[in-house]
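Please read the following points beside the sequence and the model. They are grouped by region, and each is meant to be checked against the coordinates.

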Amino acid sequence: MKWLTTLRDARPTTSRALGITLLTLLALLITFRLSALDDAKLASGAAIAIVVVGLSWLIGWSGQVSLGNSGFMAVGAYVTAIWANHHATTPIFVTLLLATGCGALSGLVLALPSTRLRGPYLAGMTLAFSFAVVPLALNFPSVTGASSGLTLNFLNAPSWFAGLFTGPQATVNANAQWSADVAIVVAAVAFFFMANLFHSRTGRAMRLIRDNDVAAELTGVNLPRTRTLAFVISAAYAGLGGSLLTLLNGSVTPQTYSIALSILLLTLMVLGGIGTLSGAVLGGLIYSYSDNLVSLVNKVTGVNPASTFGANLKGIVFGALLILTMLLAPRGLVGLGSQLVRLFAQLRNRT
Amino acid sequence: MQYIYQGESSMNHQRIHRAVKLVSASTLMLGMLSWGVGLASSASATTATPGVTAKSVTIGATVPLSGIAAGYGEVSAAAAAVFSYVNSKGGINGRKINYLRKDDCYNINALGCTAGTGVTTLSQTQALVTQSHVFADVGSLGTAAQGTVLNYLNQNGVPNLFVNSGSSLWNQPKKYKGLFGFQPSYQAESKVFAYWIKKNEPLAVVGQIGQGDDFGANGLAGLLAAHLPIAKANQLTYDANVTSPTLAAGLIQDISTLKANKVNAVVLDSIPPVTQAILKIAYNLGYSPQWLISSVGADPISVATPLEVGAITLDYFPSTADTANSWNQWVTKVIKRFPAARADFPNYFTGANAGVLDANMLYGASYAVAFCEALKSLGKNVTRAGLLKAMTTVRFATPSQTPLRYSATKHQGLLGGSLAQIIANTNPASNPQYIKLLGNAEYTTGDTSTTPVITAAPIVSPIPGWLS
C-alpha cells in the first residue's frame, strides 16, 4: 500500500482523479444491475449530492449558513428548461455548464450584500431569497409557465448505448440507465473539482476564516473576496444540481424549489456529515432511498401510510434522525464511522 | 510488511508487489465489467409487447385518489368497474384487462395526500412503465400533472390515451403520435359559454377565475377567441398548490374584485372543491353573478352546495337524472356489480345522493368503453402500433352524446357538448341538485377564433351487443 501513499503525496490531483474514476466506474457497473426504477432513484440522488456538497462546502468550510440553495437550484433548473425548449440540439453538457454559470451569477448577486452579514442575519437573508423564488416563478407565466412549469425532453439513450438492451422493455431500460449514468458522471466531475478545492489555497483560507476571521485577515486573507467566492461556488453547484434534476425529471415546477427543499438539503448534509465529500454522497443516497426508509418505519411501527399521520411520517422520521445525529454523531454518518473505529481501538487497547 | 524487503532485492520485490496488485485489480475490474454487462443481454423477455400476454392486457393510470383532487377518484374507479365487468364476460378476445390505478395526488404532494412520501405523477408513471410494464397509460388525470409525463411516455413508446383534461396539450399528433385526449378542449368549452352569454346575457360584464395552470389559461384563451370583451382586471387566477387558508384568502380578494367591477357573468375554470369555495365566498360577500362553470368543476354531487343552482355548464354526457337512458342504466348495472364499489363510490351507496350516477362515473365509463372497443378491433394481435391505428379508425360508441372521433391530425377527442344548467331537485328524497340539459342540441367547435360554434342534434350511440 505504500505506493498508494506515495502517489497521494507526490501527485494529489492525479490520485484524486484516479480514485474518483475508479469509484465512478464501479457505480456505472452497478447501474447495469439495478432495475430501471432504482436507476431513476440513483440519478436524482446524484443530482442532490451535487447540491449537498456545494452546501457542505459553504457551511462546513467557510462557516456561512445558507437557506437559499433551493433558490439557486431553481435558477439552474429554469435556465435549463428555457434553454432546452429553444435549443433542442444543444449537447447536455453545454446546457449543464450554462446552468452552472447562471447559478454562480445568481450566487454572486446575493453574495455581495450577504457577505456583510453574519450568522442568523445571513441565514435570514438567504431565507428571503428562497421564499421569493416560488412567487417569482408564478408571476412571470410567459417565461416560467407559472404553476404548470415548463416541460422538456427526457434524456434519450444514444443508439450505441440503446443497442446494449434487448426485449420489449429495451427502450425503457436503456433510457433509465442512460439518465443514471449521465448523472453519475456529472456528479463525479463535480466531486473531483470539489475534492481539489477542499485542499487548495482557497480551501485552507476558507477554513481559517471559519475558525478565526481576525487571524485570517492578519495572515493576508481577503475576507470579503473569499466569503463571496465560497457563496458563488456553492450557488454554482446548486445550479448544476438543479439543472441535472430538471434534465432527469423532464420538467420544472416552482413547487419543487420551495423553502422546504432548502431545509431538506441542510438535513441531508448534517445526516451525511458536514464538510465531507463522502457525507454528501451519503446525503444523496439518503434522499434517493428515504421513501424506502419511511415505508420500513411504516411497516415496523404499523402506522397506516394512508392516514394523515402516515402521510406526515417523512417529516417526523427526518426530524428525529436530525436530532439523533446532532446528539450522538455531530459529524454525521461519516463521523460516526470514525467514532466507532476510535471506540473499537480504545476497547482493544484496554484489554 | 516493508521490513521484509530489505537490501538490493527490495526494489524488485516492490515492483513484483505492484504488478500483482495491478493484475488483481484489473481482473477484479474485468470481472465486474462482465458481471455488469451480463444484465444487458439477459434482459430479454418472451413477449413482444409489454403488458400483453395470451390471457391479459395490463394497462395503468396515474390519478388523484387522495389530496386536493381526490373527488376525481370516481372517474378511474368507474373505468375499473367497466373493465371488471368486461372481464367477467370473458375479457376482450380472450384477454382480461388488468387496470392499475396509481395515486399521484394531482401531482400536489400535500393537502391530505396519502400516496406516500416523495410521490409525484412522474414517479408513479415510472413505476407503471418500469415495474408493471404497462401496455398503455389509459385515463390519467390532470392538466399540470400529466403535462409533466407526456414526454416520458412518448420517449419510451408508451401509448397515452384518454388523458382526463381539456387542455389542448393532448392534441399535438405530429409531436406526440401516441397521445390522445378525451374531453372537449377548455378553449372549445369557453367558446360555447361565450355563445350562451352572447345569446342570453348580451350586456353582461364578463370575468373569469381560472386555475393557475393551462386549465385556466386555455379557458381564458377560448373566451378571448370568441371575442368576448374581458377587462384585464377581471381575468383572475388561483394557485392550487397552496394551503386552504391561503387559497381562500386569494379567492376572497378575487371575488371582491369582480364584485367591485360589477361583473355579472363569471366563468369558472376550477376543480370541484375550489368551485365550492368560490360559491360559498361569493354568497358570504353578497355577490350573485351568473356562474358558468367548466364541466370538470361543475359536477353537482362533487361541488355539493345548493349555491350552485342556476349555474350554466357544459355536459357531454346524458343528464344523470335521465334514468330512462340506456347508457345510464348500463353504467348503473356495471357499478353495482363492481366488487370494490362500496369503497370506490362512497357517495353512491350512502347519503343524500345514494343511487344517483354522477358525471365522473359516466366520464370514466366512457373512456373505458372506448378503450375496450379499440382493443377489440385489434383481434388477437395486440400491439402498440395497432392500438394507435385503431384509435384513429374506430368509430367509438360511448355514453357521450357528442361523437368521439380521432384522426391522424386530431387527437383532442370530443369536440363539444350540450349546454346544461344546475337545477334544484324538488324531490327532497333524492340528490338536491342535478344537471339538466338545456334544449336538445350539441354545440361543437374548435380552439381558434376562426372555427364557429356549430349546433347539431345529440347522438345516442347504441350499446354494442358484446358489452350489454
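**Notes on the two-chain model**

1. B:Asn107 lies in the loop between β2 and α3 (121–131) of chain B, where helices (H or I, at least four residues) and strands (E, at least two) are DSSP runs numbered from the N terminus. Phi of B:Asn107 is near 60°, a positive value in a residue other than glycine. B:Asn107 counts as buried because 31 C-beta neighbours lie inside 10 Å; the term buried asks for 20 or more other C-beta atoms within 10 Å of the residue's own, exposed for 12 or fewer, and partly exposed covers what is in between, with C-beta atoms placed from the backbone.

2. On the basis of these notes: this is a predicted model, in which local features need pLDDT of at least 70 and side-chain atom pairs count only at pLDDT 80 or more, while totals for chains, interfaces and linings use all residues. Residues are numbered from 1 along each chain as its sequence is written, and chains are lettered from A and ligands numbered from 1 in the order in which they are written.

3. Chain B as a whole contains 16 helices and 14 strands, and of its 468 residues 54% are buried. Among its contacts between residues at least 6 apart in sequence, 71% join residues at least 24 apart, a contact being two residues whose C-beta atoms, placed from the backbone, lie within 7 Å.

4. An open sheet of 5 strands in chain B has the order β2-β1-β3-β4-β5 with parallel pairing, and two strands are said to pair if DSSP finds at least two bridges between them. Its edge strands are β2 (96–103) and β5 (179–181) of chain B, each of which pairs on one side only. Neighbouring strands of this sheet are turned by 20° against each other on average, direction ignored. Helix α15 (residues 359–377) of chain B packs on the sheet and touches β1 (56–63), β3 and β4 of chain B, its direction making about 150° with that of β4(B); axes here are lines fitted to C-alpha atoms, for helices over the stretch in contact, and angles run from 0 to 180 degrees between N-to-C directions.

5. Within that sheet, strand β3 (residues 136–138) and strand β4 (residues 160–163) of chain B run parallel and are joined by 2 bridges, with B:Leu161 in β4(B) as the bridge partner of B:Val138. Strand β11 (residues 416–424) of chain B has several antiparallel partners to trace. Strand β10 (residues 312–315) of chain B pairs with β11(B) over 4 bridges, and B:Thr313 stands opposite B:Ala420 in β11(B). Strand β12 (residues 433–437) of chain B pairs with β11(B) over 5 bridges, where B:Leu437 in β12(B) is the bridge partner of B:Ala420. Strand β13 (residues 442–444) of chain B is joined to β11(B) by 2 bridges, and B:Gly417 stands opposite B:Tyr443 in β13(B).

6. In chain A, the axes of helix α4 (residues 69–86) and helix α6 (residues 119–139) come within 7 Å and cross at roughly 35°. The crossing of α4(A) past α6(A) is left-handed, that is, the near helix is turned anticlockwise from the far one by less than a right angle, clockwise being right-handed. A:Ser70, A:Gly71 and A:Ala74 in α4(A) meet A:Phe129, A:Ser130, A:Val133 and A:Ala137 in α6(A). The residues of this contact divide into 4 nonpolar, 3 polar and no charged, with Ala, Val, Leu, Ile, Met, Phe, Trp, Tyr, Cys and Pro counted as nonpolar, Asp, Glu, Lys and Arg as charged, and the others, Gly among them, as polar.

7. The contact between the chains takes 41 residues from chain A and 41 residues from chain B. On the side of chain A that touches chain B, α9(A) gives the most, with 5 residues, and the residues of that side divide into 18 nonpolar, 19 polar and 4 charged. A:Ala311, found in helix α15 of chain A, touches B:Cys113 and B:Thr114, not counting residues up to four places away in sequence. A:Ala311 counts as buried, with 24 C-beta neighbours inside 10 Å.

8. The largest nonpolar core has 227 residues, and those with the most contacts inside it are A:Ile50, A:Val53 and B:Val82; such a core is a set of buried Ala, Val, Leu, Ile, Met, Phe, Trp, Tyr and Cys residues joined through C-beta atoms within 7 Å. α3(A) gives the most to this core, with 17 residues. Leaving aside its neighbours within four places in sequence, B:Val82 is in contact with B:Val334, B:Ala365, B:Ala368 and B:Val369.
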